[in-house]
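Try each task before reading its solution.

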Amino acid sequence: MSSAELSVFIRAIGVHTPERKLTNAELSKMVDTSDEWIKTRSGIGERRIAGPGENPSDMGAKAAAKALERASLTPTDVDLLIVATMTPDVPFPSTACLLQAKLGLRRDIPCFDVSAACSGFVYALQVAKDMMRSGAYRRALVVGAEKLSSVVDWSDRTTCVLFGDGAGAVLLETTSEKNVGLLGNLLGADGNNAELLHCVGGGSAAPATADSLRDGKHFLRMNGKEVFRHAVRVMAESCERVLSKCDVKSEQVAWFIPHQANIRILEAVASQLNVGMDRFPSNLERYGNTSAASIPLALEEAWTDGKIKHGDLVLIVAFGAGLTWGATLLRWHEPTR
Ligand code: ACO
């Protein structure tokens, strides 16, 4: 068999979330909000908050270590590392390089970050798959790791109630088996709408100054209503287009694992696809929006809860700042426990 025909599947999956829970009740003492408003508008009940020394590379390394342990593999078995994050530990080097050192991965492997905000994990999966199908890399770690609490303005009630921290990792492996693992994919972006969800300070265009810090330029800003509108349209379209590309009907998909942004977004997408919410698992209630970490967190939970079974068709779909979006259809191969 030629290497171009290799399939790529998830051999193992691991997650890590910080201990500290921030409840809606606590938030309502910090800003003018209420548990009732947050729950009805977003479905979020609490979120996890990382401690000062708990960075995306630390959380990502723990999630990746769990995946390796479940696969009974060691860090030296990994041939490629991609980290998806919009909250890197530092502007440079990449969070992937920091994670590589923490986990003790080999030095002869590529390690890099993918920046596509909440779509980062879906983007990184596709990049890994395309690098692996050539046969050059047998096993890859794809990690989504975020510390949104570090870029959230804790005095802005329109955003601070939505986000949380955490990490999830998958160990991908190649196989000569057909019709398994990552089947089809679609990625897209629209930089014309970059200002709908962005952070204007801290980069080379507007480096940190005393004024920029005072003006809160280093915080995430969002036009929630517009983001909501785009998210529903683009996530539903992405699902439809991937299904059509793979010649699969939505009824054949056992589970839709969407980026966990807002329960009302998930309900609207499910309704557009004419799919019941019983096939759209959500952990928003406990984690909020963890950006690039949200899909691996939701995927792991749906699997450990006994929902996703070997052979199931699973459609993951994401949307985020950029704007960016992406969807991947998977034929689930039971990961090692
Ligand atoms: N508590 C109480 N009231 C609030 C809060 C809050 N936390 N936030 C806003 N309000 C108020 C507003 O000020 C407004 O008051 P007004 O009518 O007096 O002006 C009122 O509630 C309604 O505000 P809306 O913005 O219209 O509320 P909406 O129903 O649109 O919900 C929300 C806001 C939850 C942000 C929603 O628009 C949303 O979820 N958007 C998508 C966000 C998202 O998913 N972002 C992540 C994308 S992925 C990524 O890349 C990170």
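Predicted model: local features only at pLDDT ≥ 70, side-chain atom pairs only at ≥ 80, totals over all residues.

**Exercise 1.** Work out whether Pro56 is buried or exposed, and list what Pro56 touches.

*Solution.* Start with the location: Pro56 sits in helix 3, residues 56–70. Next, check the accessibility: the relative value for Pro56 is 2%, and buried means under 20%, so Pro56 counts as buried. Then collect the contacts, skipping residues up to four places away in sequence: Pro56 touches Thr85, Thr87, Asp89, Thr95, Ala145, Glu146 and Lys147.

**Exercise 2.** Find out which residues are closest to the centre of the largest pocket, and why this pocket lies between two domains.

*Solution.* First, the volume: the largest pocket holds about 870 Å³ of space. Of its 30 lining residues, Met86, Thr87, Pro88, Val151 and Cys199 are closest to the centre. Strand 5 (111–114) and strand 9 (197–198) are the elements giving two or more residues to that lining. Sorted by class, the lining has 16 nonpolar, 11 polar and 3 charged residues. Finally, the pocket lies between domain 1 (3–178) and domain 2 (182–331) because both give residues to its lining.

**Exercise 3.** Now take the second largest pocket: which helix gives the most to its lining?

*Solution.* Its volume comes to about 630 Å³. There are 28 lining residues, with Thr158, Leu162, Met222, Gly224 and Asn262 nearest the centre. Elements giving two or more residues include helix 2 (35–42), helix 6 (157–160) and helix 8 (224–245). Helix 8 gives the most, with 5 residues. By class, you get 14 nonpolar, 9 polar and 5 charged.

How values were computed. Residues numbered from 1 in each chain as written. Heavy atoms only, no water. Helix = DSSP H or I, 4+ residues; strand = E, 2+ residues; numbered from the N terminus. Buried < 20%, exposed > 50% of the residue type's maximum accessible area, 1.4 Å probe, protein only. Contact = heavy atoms within 4.5 Å. 1 Å grid on protein atoms, 1.4 Å probe; cavity = no way out; pocket = protein on both sides within 12 Å on 5 of 7 lines; lining within 4 Å. Points joined across faces, edges and corners; volume = space filled by probe spheres on them. Nonpolar A, V, L, I, M, F, W, Y, C, P; charged D, E, K, R; others polar. Domains from an automatic or database assignment.
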